[in-house]
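Hi,

Here is the structure I promised to pass on.

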Amino acid sequence: NSNQDDDLLEQKMASLALQLQMSTQSCHDEIGRIGAELSAIVPRCAADVTRVKSGLEGMELDVRGLLEGMDDQYHQQQQGIGGKEGGNIHGPDVSGGGGGSAQKDDDTIITSIDNNNTNNPLSTLHSLLNLKNHLTTTRSILAAASSWDETINSIPKLLSSSSSNSSNNGQPNLIEAVAALSKLEQGARALQGMPEGQTERTAAISKLRTQLEVLLKPQLLHALKKMETRLGPLQQCVGMYGTLGKMDVMREEYVKMRPGGVISLWFSFGGHNAAIGKNSVVEDEEEKVVNDEDDDDLDNDDKTDEEEEAEDFDFSEETTDATTSSSTTNKSSSTQINAKQFIEFLPTFYESVLELLSKERAQSKQVFGPELAPSIVGRVLLECFKPIISSFKSRLGNVCPVPGSGISGNSSSGNDGFGGTEGIAAAYESTIQFLSLAYDQMEPWEGQGSNNQENDHDSASNNDDVMETIRTAFSMIASPFVPYQRALAEAERDPLGKAASMVAKDVRSVVGLQDAADRLGDLAPFMFPLADSAISRFELLTSGYNAPATLSLVDNLIATHASELAIAMGSLSGHVSNSKGNEFDEQHANCALEILRIAGSFKRSLKSFDNSVKDRLRSLSDMMLDDTLEQSGGGLPDAIEPAQLRSFLAKEACNLSPDYIDDGTGVKLPASVVELRRLAGTTSNSADGTTLFPKSADSVSRLARSCQSFVFEVCYAIPEQNLRGISALPVWKQDGVGSGDEDSYGILPQSFITHVGEHILALVQALEPFASDKEALGLANEVMTGVIEVAVQPWKEFVAAAGVSLTGDEKSQLKSLMRWKEVSQFFGDDGDTDMDNQIEEEDDEEEDPDNKASTAFCNQWLDVVGLAVAGRLLERTMRIPRLGRKGAEHLAADLNYIRNVFTALGVAGHPHPLLGYMAKLVTMDEESLQFKIHSRQGEKTPSDALEVIKRAEIRIAYVRGISV
């Protein structure tokens, strides 16, 4: 193996050596080639440097000769004028500030050349550059002066329709006239340093510009009329207006002509009245064009006012003398129908506008070029909506009255989603989708301006102009929705209130147990779809702004509905209490458990709804920080999502003066963002486990207690009926004495206690079918918290019957007494082994990991019913007026029987030890009872439970006739 390894190593070393040799040879070859190239290049570079040096020296000599000649001429002129100030003797001031500046520059150059004896090539080149600039400026001034008269005299001929050289069929040659005027303006700028003729030149140019603009206006209007078939004349107009620097005028006239079709479509909706309004707009437009051809001083603002005054369609179709109830009914029906028609018409109208914008995008690129086309499309979009905004607001007001306007109308949220705030939301959603698609028609073409760094600044400025136009257009188009965005909660209040009233009326009509579960099961979740729709409209219209108002409204809506359900449960509970039947009806138990399931479902739905709204608020708070539509100085985004549009428009409508506050981490954020994050529980100031709907949570808690009470009343009704009157039974007064055998076998539990025991055992069979349904059990367990409180009343009456007034928290004291662990320490030697075993069994059962949820649910209700039975039995015992010996034995037998029933159930915590202790007290001999009572007097433990036991012992001694 070692030999093989050595061979492999030698082979690898040989291979590496060969590769190294080859690489070395390659490097040597490359170095030789580079050296050869350098040897050839260096002589050529040296020769080039020599030639450049010689050329620069020759240029320097020429410049010196020129400057010396200029210096001699300057001195001769100075001697000729004899000291007269002639700052312009050297020609026009190329800098526009007079001849003094030019003289100073020449002196500087001469001084620089004379003082520079080092033959610096850079200084020589700098002097040549200055000379070139001066000569170029001089040339332009001389050219402008020589051609001024010829150019200005040629323009009247070009504007004359009778020119023999005209090739336009007797029409003025406006293209050449505009070019001539541009040439004059360039010459005027070149001659602006000349002192003579400045005023005359300015006046002449102004007069010619006015004449050209007057002559261009009819040609522009004619080209605009014919642009559907010919774009050539329009493109010529663009060139001429661009040359004159009047592109804004051209753009304004062009934009006004484009949206006529979509405006006609808008006013054509709705019948005869709207058609009149539409025709008036079209006629005004045509009249304006004719008047423009004849009179260039037409006031465009009058035309706009006439458009805004066009009669719009009246949704309500209400006449001034319609006063009967039938007319009111017809009005409401007509309003709803027309609202539906308008909501369905709106997307059709938007499609027409998008089609126009798509055509305009292509046409503007041909007419105005790709740089101006996006801005033109944006202005066309603005012009489409300017005349109809007032009409848009009116039509939305008929779909849903503006909040705070005091106008009543169709404010109900119809099931078809066309009236009230649902109609507003549908219209707004269509508008948002339209704006998102409209932006695609206004974004620049791909790659526009990205390959020319010199135009980056102009491109950014143009992008800013386009974005500003887009923002203005979007804000104006969405302006009819602003009143609803700012007062959404107020707009929602009436329709949601009416819906809640209708549901509440149905809930109150549930009076019997037969169909209570089915009807309440259908009615209980009814509010959550309404609340979810309200939150969706809040998210759509306001994007999270003014959140507390909407959340409070939804909270009140759900809380009111939960309260109505709780009242309905209470009425069902009263129905069970008033029932006279002595037999347990399992159907009633199933109905009660189904009601409990409904309450659990309601609570779970509220919890899920709360979490869902919090997630929405978190998303909205993040979207509030998006500034896509507010950026400037850069490129335009490729697309704008509807969520970004909603956030921008909501900010414009609802957040006019944003405040920045600390979010708890030292970061300054808008107050609306911090508020949403606090509500959603994502800030350091948010409390853990807080709910957005506190009133609803309280109402659900009351609903849960009402359902618990209902189930308890059904399950406890039979024991309550059998135990209520036992204190007055004559059997308690019997004093008869029998033999031991008779005492052992002759005393049996009485019928009232056997009915109670049989009912408790039957409860297991009634509860198990419901508990076996996993889904139903999970919902019911949602509202099982604190169920022990329904069994407190019998124990409260027991304590009162014993003559004890509890101190501190009465409810906690009673629960402690019911759970008896604190009580058992006061029984001393009279505590039996059953009680001790019960404590151990309870501990074992609590630790049993295999305890199923269904068993726990059944035991929970058996525990509650058992506690109520024990408390009522103890209370009735305290109210027995007299207890004979035989009666005491009967009472002990009854108490021991019910203890055996509880033991057979195997429910943790049962039987209650006070039952066994009371059975011993009623049969205890006189001396033992007296001793126990007297021994209690020395106990110093301050406990309400001990006081109850002491009073119970005294009461038993009293009814037995034992002196204490």
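A word on naming before the details: helices here are DSSP runs of H or I with at least four residues, numbered from the N terminus. Please also keep in mind that this is a predicted model.

With that in hand, the loop between α32 (885-905) and α33 (913-923) is where you will find Pro911. The peptide bond leading from His910 into Pro911 is cis, and its omega is near 0°. Most peptide bonds are trans.

Ser543 has a phi near 55°, which is positive even though the residue is not glycine. Asn546 belongs to the loop between α19 and α20 as well, and its phi is also positive, at about 55°, again in a residue that is not a glycine. As background, most residues other than glycine have a negative phi.

Asn546 has 36% relative accessibility, so it counts as partly exposed.

Finally, something on the surface: Leu9, Met13 and Leu16 make up a nonpolar patch there, and together they have about 320 Å² of accessible area. Of these, Met13 is part of helix α1, which covers residues 2-81. Met13 is exposed, since its relative accessible area is 53% and exposed means over 50%.

Technical notes
Residues numbered from 1 in each chain as written. Predicted model: local features only at pLDDT ≥ 70, side-chain atom pairs only at ≥ 80, totals over all residues. Heavy atoms only, no water. Patch = residues over 30% accessible without salt bridge, like charges linked within 9 Å, V, L, I, M, F, W, Y side chains within 5 Å. Areas by Shrake-Rupley, 256 points an atom, 1.4 Å probe, with all protein chains shown as cover. Salt bridge = Lys/Arg side-chain N within 4 Å of Asp/Glu carboxyl O. Helix = DSSP H or I, 4+ residues; strand = E, 2+ residues; numbered from the N terminus. Buried < 20%, exposed > 50% of the residue type's maximum accessible area, 1.4 Å probe, protein only.
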